[in-house]
Amino acid sequence: MKKLFALVLVFALLVSISAASAKDVVVAFSQIGQESDWRTANTDDLRNAIEGHAGWKLVYDDAQQKQENQIKALRNFITQDVDYILFTGVVSTGWDEVLKEVNEAEIPLLLIDRIPDCADKIDYVAAFGGDFVEEGRRQIAWAGEYLKSIGKGDVDVNIVIMEGTTGASAQTGRTEGNLKALKEYPHLKLVGQQSGNFTRAEGQAVMESWLKSIDKIDVLIAQNDDMALGAIDAIKAAGKVPGKDIIIVGCDSVKAAFDAIVAGEMNATIECTPLYGKFVVPTIEALIRGEKFDKTVVHPEEGVFDMDGGIDLGTVKSIKAADVIATRQY
Ligand code: AHR
């Protein structure tokens, strides 16, 4: 009888151990929305990385560009007691309270893409984001160095800056980088600066109105490729030749921008990678093993792609888009 009791006990123990180890790791992701090709690639990449991992489950929320939806989603994740939270904020301010609630619930927080302004005041276990100031610097430096390379380095040219969603760190950072770099190129005269909200439709509308109200536009700096592609439609509709009459520099390096560069309708794109799965998965695996990380924001290595390659931007040299288009993942 004693033996039987011991056997039952061992069996019950084994069942409970295997049930515990079979419990899914639940990773929740609060995504901003789907305003651009970049954002779609970012969602797909993280979804594939997490759902493709044995024993991991993704809880996904698309906030449709609304901060209040993201706050609601984060509170839902806390109620569901998920194991990890991935977060990128539509704007950079207004997260202090809800992220402190995440901390109080002791759910490890991973910041990706856009790092909130309150990052210094909250706890997070790892952070991976774009170096937006450097991306903005590269956009202007590309235009300035390209003009020099075609013998127009000392000719006054009119430049417009189409900004992303107002208050997003990708907009504030790139604008800071754009404006600082402009000081290095005094022949680039800023004649327009407006938000196109990171979308193709608004990029097209802003360009249409600039083409009506500004006498001469030589260079368009679009803080993402989607806005550049929308602007290309507006430029064509106005009877001008994109990539020739107006030099166009985008940001992100999505497939459609590569196609436009190879077709000669866009001049350059500064890379901002959406592929964070390869950072997030090993980080969560390491956290599960009990490892810890510094509170430093990791910036992925990124390139610059254009029609001919060889433009030297100090920190990076541009690569001819046609040479690498077949290897692009997004
Ligand atoms: O935060 C990254 C930016 O957000 C990308 O440049 C843009 O396309 C996106 O939607």
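Let's start with what a cavity is: on a 1 Å grid over the protein atoms alone, it's a set of points where a 1.4 Å probe fits but cannot get out. Search the whole structure and you find one cavity of 30 Å³ or more, where grid points are joined across faces, edges and corners, and a volume is the space filled by probe spheres set on the points.

Quick background: this is a predicted model, where local features need pLDDT of at least 70 and side-chain atom pairs count only at pLDDT 80 or more, while totals for chains, interfaces and linings use all residues. Residues are numbered from 1 along each chain as its sequence is written, and side-chain values use heavy atoms, with hydrogens and water left out.

Okay, so how much space lies in the largest cavity? About 90 Å³. Its lining, meaning residues with an atom within 4 Å of a point, has 13 residues, and Trp38, Arg39, Arg114, Arg174 and Asp252 lie nearest the centre.

Now, the ligand sits in that largest cavity, meaning more than half of its atoms lie within 2 Å of the cavity's grid points. Two elements each give two or more residues to the shell around the ligand: α2 (37-51) and α6 (169-182). Those are helices, DSSP runs of H or I with at least four residues.

Who's in the shell? Among the residues surrounding the ligand are Glu35, Asp113, Phe132 and Ala170, each with a heavy atom within 4 Å of the ligand. And which side chains make polar contacts, pairs of N or O atoms within 3.5 Å? Ser36 has a side-chain N or O atom 2.9 Å from a ligand oxygen, Arg39 has one at 2.9 Å, and a polar side-chain atom of Asn224 also lies 2.9 Å from a ligand oxygen.

Notes
Polar contact = N/O pair within 3.5 Å; in protein donor to acceptor, adjacent residues only side chain to side chain. 1 Å grid on protein atoms, 1.4 Å probe; cavity = no way out; pocket = protein on both sides within 12 Å on 5 of 7 lines; lining within 4 Å.
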